[in-house]
Amino acid sequence: KKISTVLLFTAAATTNGFSAPSASSNAQLKADLLQRIRTLKELKERDGDFSIDFGVKGGEIDKKSRAPQKVDFYTISEDVGKAADEVIGITSELEKCSPTD
């Protein structure tokens, strides 16, 4: 069933004027993501971490709208901020590959 879903997605993507991402590129993105997460964790252990209090007092939730706020990893260090940006970048690429839209 998984193979037929991939083939169906590939056929639909090709007929819509774009080519579907290959399974190997998806696998590579996933492997890269896991490596970047490990690197981020190592840098946080080296440079420090911050406590996330999911409340208004901690700043993670907007006081008026109660909407979650983006956590700023650059407050830990430049290296941690860049590593977090890489993780977010890879997840954005994986999102483009998702046939579950």
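Buried residues make up 18% of the 101 residues in the protein chain. The model is predicted. Its secondary structure comes to three helices and zero strands. Read from the N terminus, the elements run α-α-α. Of the contacts with a separation of 6 or more, 54% join residues 24 or more positions apart.

**How α2 and α3 pack**

- Helix α2 covers residues 23–47, and helix α3 covers residues 78–97.
- The two helices pack at an angle of about 160°. Their axes are 9 Å apart.
- Which way does α2 run relative to α3, roughly parallel or roughly antiparallel?
- The crossing of α2 past α3 is left-handed.

**Who meets whom**

- On the α2 side, the contact residues include N26, L29, K30, D32, L33 and R36. Further along α2, I37, L40, L43, K44, R46 and D47 also take part.
- On the α3 side, the partners include D79, V80, A83, A84, E86 and V87. I90, T91, E93, L94 and C97 belong to the α3 side as well.
- What classes of residue make up this contact? It has 12 nonpolar, two polar and nine charged residues.

**A pair across the sequence**

- A27 is found in helix α2. A27 counts as partly exposed, because its relative accessibility is 45%.
- A27 and L94 are 67 residues apart in sequence. In space, their C-alpha atoms are 9.7 Å apart.
- L94 is one of the α3 residues that meet α2.

**Salt bridges**

- How many salt bridges does a search of the whole structure find? The search finds five.
- Side chains of opposite charge can pair when their charged atoms come close.
- K44 pairs with D49 in a salt bridge. The closest N and O atoms of K44 and D49 are 3.7 Å apart.
- R46 pairs with D47, and here the closest N and O atoms are 2.6 Å apart.
- K96 pairs with E93, with closest N and O atoms 3.1 Å apart.
- Where do K96 and E93 lie? Both are in helix α3, three residues apart. That spacing is about one turn of the helix.
- Salt bridges that share partners join R46, D47 and D79 into one network.
- R46 and D47 are among the α2 residues in the helix contact, and D79 is among those from α3.

**Exposed or partly exposed?**

- K44 is partly exposed, because its relative accessibility is 22%.
- R46 counts as exposed at 53% relative accessibility. D47 is partly exposed, with a relative accessible area of 28%.
- K96 is exposed, because its relative accessible area is 60%. E93 counts as partly exposed at 36% relative accessibility.
- Why is K44 not called buried at 22%? Buried means under 20%, so K44 falls in the partly exposed class.

**To take away**

- The chain has three helices and zero strands. Helices α2 and α3 are roughly antiparallel.
- K44, R46 and D47 in α2 meet α3. K44 also forms a salt bridge with D49, and R46 forms one with D47.
- E93 in α3 takes part in the contact with α2. E93 also forms a salt bridge with K96.

Conventions: Residues numbered from 1 in each chain as written. Predicted model: local features only at pLDDT ≥ 70, side-chain atom pairs only at ≥ 80, totals over all residues. Heavy atoms only, no water. Axes fitted to C-alpha atoms, helices over the stretch in contact; angles between N-to-C directions. Helix = DSSP H or I, 4+ residues; strand = E, 2+ residues; numbered from the N terminus. Parallel < 35°, antiparallel > 145°, perpendicular 65-115°, else oblique. Left-handed = near helix turned anticlockwise from the far one by under 90°. Contact = heavy atoms within 4.5 Å. Nonpolar A, V, L, I, M, F, W, Y, C, P; charged D, E, K, R; others polar. Salt bridge = Lys/Arg side-chain N within 4 Å of Asp/Glu carboxyl O. Buried < 20%, exposed > 50% of the residue type's maximum accessible area, 1.4 Å probe, protein only.
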